[in-house]
Amino acid sequence: MPRLQRGRCGICRTVSPITRVGIIGAGNVAARHADVLSTFPDVTIAGIADTDPHRAEALASRHGSPAYGGHAGLLAAGGLDAIYVCVPPFAHGNPERDALSCDLPLFVEKPLSLDPATAEKIADELDRRGLPSAVGHHWRYLDILHRARDLLADRPVRLALGYWLDKVPPVGWWLKPEMSGGQVLEQAVHVLDLARVLVGEVAMVHAVPAGSELDGEVDRATAAVLAFEGGAAGLLAATSLCGRKHRVGLEVHAEGITLDLSETRLVVDGETVIEDDGLAKTRVDREFINAVQGRPADVRVPYREALRTHRLAHAVARSAAGRTEVRLDR
Ligand SMILES: NC(=O)c1ccc[n+]([C@@H]2O[C@H](COP(=O)([O-])OP(=O)(O)OC[C@H]3O[C@@H](n4cnc5c(N)ncnc54)[C@H](O)[C@@H]3O)[C@@H](O)[C@H]2O)c1
């Protein structure tokens with residue numbers, strides 16, 4: 001039996017027993033979500049849209065779904081319960097706005113947008129409509145993150161060292177600042193999000209870019225100082241100069257304890273290794289679907305929460321561009 005779910009704005013939506021998901025953007029991350037979603041017995045991938053129709057067709061055919069050459073066609077076909085927005089940074093805005101005008105819950109991949117204003121408006125519209133949302137900060141679902149929080153329970157972090165030392169990702173838009181927004185916004189935003197969880201909010205950032213050998217490319221390295229509201233000091237280092245993924249994660253120091261957290265393991269005091277259970281990328285999708293279905297849901301990063309991390313990443317990027325400190329308003 002279809003169920004009715006009332007959004008905070010009072011609009012009733014019919015939630016079908018099988019949740020029908022539409023996906024906008026048919027690249028790497030969309031393929032990952034589609035693979036996870038297709039393992040859920042109560043979800044069907046109802047359509048996939050990409051401005052490159054070949055990419056839409058390639059992913060849609062793997063999931064027995066219709067393909068569309070843009071999000072307008074997918075939304076016009078109707079019958080959807082939720083939308084995944086899996087487009088590159090420069091393409092955020094219209095897909096979310098149009099999906100929201102159809103009153104559809106949103107799962108949005110990070111980063112939320114190239115310019116802060118686009119994301120602020122989407123957050124306001126989500127709130128106004130009272131719709132469920134989630135953002136692809138799947139690190140929040142690592143089971144080792146719980147362990148880290150427990151270990152730090154009565155010991156405030158005093159020093160945080162964040163890293164994203166990696167190669168250039170294999171997507172054509174990534175090195176173009178006007179398309180990706182640069183490495184801090186595009187990648188290190190995951191680490192900044194972790195730092196907010198384990199250390200707290202950031203009051204001030206001062207970043208220094210290494211500059212690019214090629215005009216018009218994103219900075220290939222950035223170093224930033226972070227001052228946390230609670231008094232902790234932090235450093236963030238990002239580079240895409242490596243030949244392979246070198247180091248990605250967050251190291252934190254509190255009285256008598258050092259934790260080093262990556263996407264796969266937590267190392268305590270340089271000795272004890274705790275492996276993650278590897279289910280974070282499943283949980284991030286499952287909890288969003290639970291929310292769409294009106295069930296109890298543990299969505300750890302709804303859009304407005306992601307917006308706080310997004311503002312921080314933008315502050316670091318702005319600081320690097322202006323070579324000056326940037327204070328964050330609360
Ligand atoms: N959370 C994570 O772990 C994770 C992992 C990978 C990528 N991502 C994020 O996902 C986003 C996409 O990354 P990707 O690796 O999938 O990129 P990609 O280039 O492989 O795929 C993006 C797709 O979006 C399509 N597209 C562009 N504009 C569009 C529009 N207006 N409407 C519909 N389709 C459009 C492109 O044609 C392309 O097929 C990036 O912002 C990236 O940071 C997140």
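**View 1. Helix α1 passes helix α9 in a right-handed crossing.** (A crossing is right-handed if the near helix is turned clockwise from the far one by less than a right angle, and left-handed if anticlockwise.) This is a predicted model, in which local features need pLDDT of at least 70 and side-chain atom pairs count only at pLDDT 80 or more, while totals for chains, interfaces and linings use all residues. Residues are numbered from 1 along each chain as its sequence is written, and side-chain values use heavy atoms, with hydrogens and water left out. Helices (H or I, at least four residues) and strands (E, at least two) are DSSP runs, numbered from the N terminus. Here α1 covers residues 28-37 and α9 covers residues 280-292; their axes lie 10 Å apart and the packing angle is about 70°. α1 is therefore roughly perpendicular to α9. (Axes are lines fitted to C-alpha atoms, for helices over the stretch in contact, and angles run from 0 to 180 degrees between N-to-C directions; under 35 degrees counts as roughly parallel, over 145 as roughly antiparallel, 65 to 115 as roughly perpendicular and the rest as oblique.) On the α1 side look for Arg32, His33, Val36 and Leu37, which meet Lys281, Thr282, Asp285 and Ile289 of α9. By type, this contact between α1 and α9 holds three nonpolar, two polar and three charged residues. (Ala, Val, Leu, Ile, Met, Phe, Trp, Tyr, Cys and Pro count as nonpolar, Asp, Glu, Lys and Arg as charged, and the others, Gly among them, as polar.)

**View 2. The buried residues of α1 and their cover.** Buried here are Ala30, Ala31, His33, Ala34, Val36 and Leu37 of α1. (Buried means under 20% relative accessible area, exposed over 50%, and partly exposed in between, with a 1.4 Å probe and protein chains only.) Strands β3 (19-24), β4 (43-49), β6 (82-85) and β7 (106-108) are included in the cover, along with helices α2 (53-62) and α9.

**View 3. The six-stranded open sheet is parallel.** Follow the strands in the order β5-β4-β3-β6-β7-β8. At the edges are β5 (67-68) and β8 (133-135), each pairing on one side only. (Two strands pair if DSSP finds at least two bridges between them.) Two bridges connect β4 and β5 in the parallel sense, and Ala49 stands opposite Tyr68 of β5.

**View 4. A nine-stranded open sheet shows mixed pairing.** Its strand order is β16-β15-β14-β13-β9-β12-β11-β10-β17. The edge strands, β16 (272-275) and β17 (325-327), each pair on one side only. From one strand to the next, the twist averages 15°. Helix α10 (residues 303-322) packs on this sheet and touches β10 (202-209), β11 (221-228) and β17; its direction makes about 40° with that of β10. (Contact means heavy atoms within 4.5 Å.)

**View 5. Strand β14 and its hairpins with β13 and β15.** β13 (residues 247-254) and β14 run antiparallel, joined by five bridges; Val252 has Leu259 of β14 as its bridge partner. Two residues lie between the strands of this hairpin, where Gly256 takes a positive phi near 80°. Three residues link β14 to β15 in their hairpin. As you look along β14, Ile257, Leu259 and Leu261 make up the covered face, and Thr258 and Asp260 the uncovered one.

**View 6. Helix α5 passes α10 in a left-handed crossing.** The axes of α5 (residues 116-129) and α10 are 10 Å apart, at an angle of about 165°. α5 is therefore roughly antiparallel to α10. From α5 come Pro116, Ala119, Glu120, Ile122, Ala123, Asp124, Leu126 and Asp127, which meet Tyr303, Arg304, Leu307, His310, Arg311 and His314 in α10. The contact of α5 with α10 comprises seven nonpolar, two polar and five charged residues.

**View 7. A closer look at Ala123 in helix α5.** Ala123 is buried, with a relative accessible area of 2%. Apart from its neighbours within four places in sequence, Ala123 is in contact with Tyr303, Arg304 and Leu307.
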